[in-house]
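Welcome! Here is a short briefing to read alongside the coordinates.

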Amino acid sequence: MLVLGVESSCDESSVAVVEDGRRVLSNEIASQIDLHRPYDGVVPEIASRMHTEWIVGVAEQALKSAGLGLEDIDAVAVTNRPGLVGSLLVGLNFAKGLALARGLPFVGVDHILAHLYAPHLERRIEYPYLGLLVSGGHTVISRVDDFDQITVLGTTIDDACGEAFDKVAKHYQLGYPGGVVIDRLSQQGYERAFDFPDPSLHKGHHPFDVSYSGLKTAVINQLEQFWDGKSEKSPENIAASFQRAAIGMLVKRVKKALLHTGLKRIVAGGGVAANSRLRRELTDIEGVEAVFPALELCTDNAAMIAGLGYHYLRQGSVSDLSLNAYPRIKRFKRNYP
Ligand code: KG4
Ligand code: ZN
């Protein structure tokens with residue numbers, strides 16, 4: 001079955017063709033990063049406008065790269081949650097129009113589940129595993145039992161992990177996207193120049209939850225108000241110390257979740273999964289296999305949407321034209337120890 005996937009939940013317009021949920025025939029991604037850089041963050045109005053301008057061209061390119069025509073496509077899968085609603089609607093309506101015009105079945109796919117499915121596009125992975133989704137919009141630690149079955153163990157109680165990287169970078173005018181710049185600067189910095197506390201440890205939060213707004217505030221307060229002048233306040237040192245705290249907080253929760261669930265495999269996804277420190281720390285956990293998909297499958301892409309969509313379609317789950325777009329994460333089961 002050849003599924004055409006459509007993704008437009010944030011600032012990437014992407015269309016892909018995937019065969020039988022695994023073989024990626026094309027995965028075209030048009031990134032708007034340069035257009036949002038002057039604002040140090042994604043501007044929703046610009047994002048949806050660019051999706052409107054680009055989506056048809058990206059789809060044509062995806063078919064061309066796969067060496068296929070529209071007549072070869074068997075079904076359409078599209079992200080319908082969570083994300084920026086104005087952006088989601090562009091992809092969703094494009095997918096609906098295509099399905100209607102060609103008489104094809106189409107299915108709405110959850111972006112979070114799709115990220116956690118992404119490594120299946122590269123290799124065989126057995127369920128269950130611990131899913132770690134860390135991006136500019138999401139921070140979710142979950143137990144993944146099947147393509148459509150996750151149990152959320154922990155999330156952020158405020159900002160997403162990548163958002164914290166972006167906000168700290170913006171505050172110190174380090175560049176955009178913040179995660180990429182901070183990761184790079186950290187290589188030259190002294191990671192113990194500043195010691196930022198784990199802000200969620202003392203507030204009675206759930207043991208698997210993180211607070212990145214708390215960390216961001218700690219970084220800014222500590223450096224602006226309480227800096228004792230002993231350590232050099234260079235961008236490299238700020239970056240390295242922040243990164244140690246941000247990734248450390250995450251890895252601490254992941255280790256707890258591994259102990260709690262007894263799982264022996266971690267699958268990471270989202271833009272922050274590119275972080276060199278996160279990769280090193282997860283890979284170093286003894287007795288546990290850490291799986292990182294290729295970068296283009298970690299960040300937003302339509303191949304993961306087409307791949308996951310195939311499994312719904314195969315079991316006969318299709319959406320109808322009344323399908324809507326939703327900004328928020330679906331209410332997955334939560335499991336507290
Ligand atoms: O998955 P993604 O491309 O888009 C969504 O947010 O859905 O993730 C983008 C996020 C940004 O916040 C960016 O700063 C962060 O991922 N990021 C990183 C790194 N590369 C990208 N964060 C930390 N270290 C990196 N190397
Ligand atoms: Zn994403």
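Predicted model: local features only at pLDDT ≥ 70, side-chain atom pairs only at ≥ 80, totals over all residues.

Residues are numbered from 1 along each chain as its sequence is written, and side-chain values use heavy atoms, with hydrogens and water left out.

**Zinc site**
- His-111 (NE2), His-115 (NE2) and Asp-300 (OD) coordinate the zinc ion (ligand 2) at 2.1 Å; donors are N, O and S atoms within 2.8 Å of the metal (3.2 Å for Na, K and Ca), and sites may look incomplete because water is not among the atoms.
- Along the sequence, the spacing of these donor residues reads H-x3-H-x184-D.
- His-111 and His-115 are four residues apart in helix α4 (residues 111–117), so about one helical turn separates them; helices are DSSP runs of H or I with at least four residues, and strands are runs of E with at least two.
- Both His-111 and His-115 are buried, meaning under 20% relative accessible area with a 1.4 Å probe and protein chains only, while exposed is over 50% and partly exposed is in between.

**Negative patch**
- Asp-20, Glu-71, Asp-72 and Asp-74 form a surface patch of negative charge; patch residues have over 30% relative accessible area and no salt bridge, with like charges joined within 9 Å, and a salt bridge is a side-chain nitrogen of Lys or Arg within 4 Å of a carboxyl oxygen of Asp or Glu.
- Asp-20 sits in the loop between β2 (12–19) and β3 (23–31), and counts as partly exposed because its relative accessibility is 36%.

**Strand β9**
- Ala-268 belongs to strand β9 (residues 265–269) and is buried, at a relative accessible area of 1%.
- From Ala-268 to Asn-93 the C-alpha to C-alpha distance is 30 Å, and they are 175 residues apart in sequence.

Conventions
Chains lettered and ligands numbered in written order. Patch = residues over 30% accessible without salt bridge, like charges linked within 9 Å, V, L, I, M, F, W, Y side chains within 5 Å. Areas by Shrake-Rupley, 256 points an atom, 1.4 Å probe, with all protein chains shown as cover. Lys, Arg positive; Asp, Glu negative; His and termini not counted. Charge placed at Lys NZ, Arg CZ, Asp CG, Glu CD.
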